[in-house]
Amino acid sequence: EQEMHTKIQVKEQEIQAKEEEIQAKEHELQANEELKQCEMMVKEKEIEQRSHLLAVKNTSIEKLTDQVKTLQQHNAAQPHLLSAQYQLSWSPCADLCDLPESTLSQSVFMIGDVVFVNLMIDNHLNDILQYSINDNEWSTLPRPMVGGFGLGQLSGKLITVGGADNEMAVGNVYQFNEESQQWEESAIPPMPTSRVLPCVITYQSNVAACGGRINGEELSAAVEVFMSSTSQWH
């Protein structure tokens with residue numbers, strides 16, 4: 001009888017263990033189901049947000065399209081307005097005297113009331129002329145430390161970009177000091193791509209160097225931009 005009682009207790013313990021195992025499985029399944037429901041709710045929320053953004057973009061596109069159509073209709077109805085408002089034609093500038101010599105010019109731009117012209121003597125030699133509108137006369141600046149450079153400006157300061165030193169392409173940047181009337185190394189680091197005669201343009205506080213020659217007759221397709229905000233070339 002004692003043995004039978006022991007067997008019954010063992011069975012009861014086994015049954016209890018099974019029941020606990022089943023309860024644990026049920027809790028696990030319930031937790032997984034709740035997790036799936038949460039994931040589904042998150043996905044539904046994301047879909048709802050994306051749908052809202054798409055609707056906003058579509059509305060903006062529709063408004064912009066309507067504005068373009070309205071502008072096109074307006075221009076088509078009054079085609080004479082552009083020509084009447086802007087007289088697009090070339091005419092001689094009587095007040096601007098000619099260059100001191102006939103030559104090729106790589107670039108020309110203004111800083112304040114002074115016009116700067118980068119004159120090409122040859123591939124490795126340049127002269128920089130400046131024209132004072134107030135004085136109505138040309139003068140020549142001191143030659144930079146290198147030749148074959150691209151001429152530009154940044155923050156109202158005249159700069160040279162790239163060029164050739166002993167007929168080897170460089171990426172150095174030099175700045176003209178108006179007080180000393182001398183060229184000095186700029187705080188702008190050298191261009192990543194050394195080249196001669198790059199085209200230099202300035203937009204806001206950024207300087208872009210486009211194309212040029214690497215060495216000899218090998219042309220460069222590089223376009224690199226110095227951004228003042230990062231003080232780096234990109």
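**Notes on the strands, sheets and salt bridges**

1. Let's start at a hairpin: strands E11 and E12 have 4 residues between them, and there Ser 231 takes a positive phi near 55°. Helices (H or I, at least four residues) and strands (E, at least two) are DSSP runs, numbered from the N terminus. Two strands pair if DSSP finds at least two bridges between them. E11 and E12 run antiparallel and are joined by 2 bridges, with Met 227 standing opposite Gln 232 in E12.

2. A quick word on what you're looking at: this is a predicted model, where local features need pLDDT of at least 70 and side-chain atom pairs count only at pLDDT 80 or more, while totals for chains, interfaces and linings use all residues. Residues are numbered from 1 along each chain as its sequence is written, and side-chain values use heavy atoms, with hydrogens and water left out.

3. Now zoom out from that hairpin. Which sheet holds E11 and E12? They belong to an open sheet of 4 strands, in the order E9-E10-E11-E12, with antiparallel pairing. E9 (199–203) and E12 are the edge strands with a single partner strand each, so one side of each has no neighbour in the sheet.

4. Follow the pairing across this sheet. E9 and E10 (residues 206–210) run antiparallel and are joined by 5 bridges; Thr 202 stands opposite Val 207 in E10. E10 and E11 are also antiparallel, again with 5 bridges, and here Ala 209 faces Glu 224 as its opposite residue in E11.

5. E11 itself has two faces worth a look. In a regular strand, side chains alternate between the two faces of the sheet. In E11, Glu 224 and Phe 226 make up the covered face, whereas Val 223, Val 225 and Met 227 make up the uncovered one.

6. What does Glu 224 form a salt bridge with? Its partner is Arg 195, and the closest N and O atoms are 2.8 Å apart. (A salt bridge is a side-chain nitrogen of Lys or Arg within 4 Å of a carboxyl oxygen of Asp or Glu.) This pair links distant parts of the chain, with Arg 195 in the loop between E8 and E9 and Glu 224 in strand E11 (residues 223–227), 29 residues apart. Arg 195 and Glu 224 are both buried, where buried means under 20% relative accessible area, exposed means over 50%, and partly exposed is in between (1.4 Å probe, protein chains only).

7. Is His 234 buried or partly exposed? It is partly exposed, with a relative accessible area of 47%. Leaving out residues up to four places away in sequence, His 234 touches Val 223, Glu 224, Val 225 and Met 227 (contact means heavy atoms within 4.5 Å). The His 234 side chain also makes a polar contact with the side chain of Thr 230, at 2.8 Å. A polar contact is a pair of N or O atoms within 3.5 Å; within protein, one must be able to donate a hydrogen and the other to accept it, and residues adjacent in sequence count only if both atoms are side-chain atoms.

8. There's another open sheet to check, with 4 strands in the order E5-E6-E7-E8 and antiparallel pairing. Its edge strands, E5 and E8 (182–185), each pair on one side only. E5 (residues 150–154) has 4 of its 5 residues buried, so it is largely enclosed by the rest of the structure.

9. E5 and E6 (residues 157–165) run antiparallel and are joined by 5 bridges, with Leu 151 opposite Thr 160 in E6. Their hairpin has 2 residues between the strands, and Ser 155 takes a positive phi near 55° there. E7 (residues 168–177) and E8 pair antiparallel over 4 bridges, and Tyr 174 stands opposite Glu 185 in E8.

10. How many salt bridges does the structure hold? It holds 3. One of them joins Asp 127 and Arg 143, with the closest N and O atoms 2.6 Å apart. Asp 127 is in strand E3 (residues 125–132) and Arg 143 in the loop between E4 (137–140) and E5, so the pair ties together parts that are 16 residues apart in sequence. Asp 127 counts as buried at 12% relative accessibility, while Arg 143 counts as partly exposed at 45%.

11. Glu 14 and Lys 11 also meet in a salt bridge through their side chains (3.9 Å, N to O). They sit 3 residues apart in helix H1 (residues 2–77), which separates them by about one helical turn. Glu 14 is partly exposed at 43% relative accessibility, and Lys 11 is exposed at 53%.
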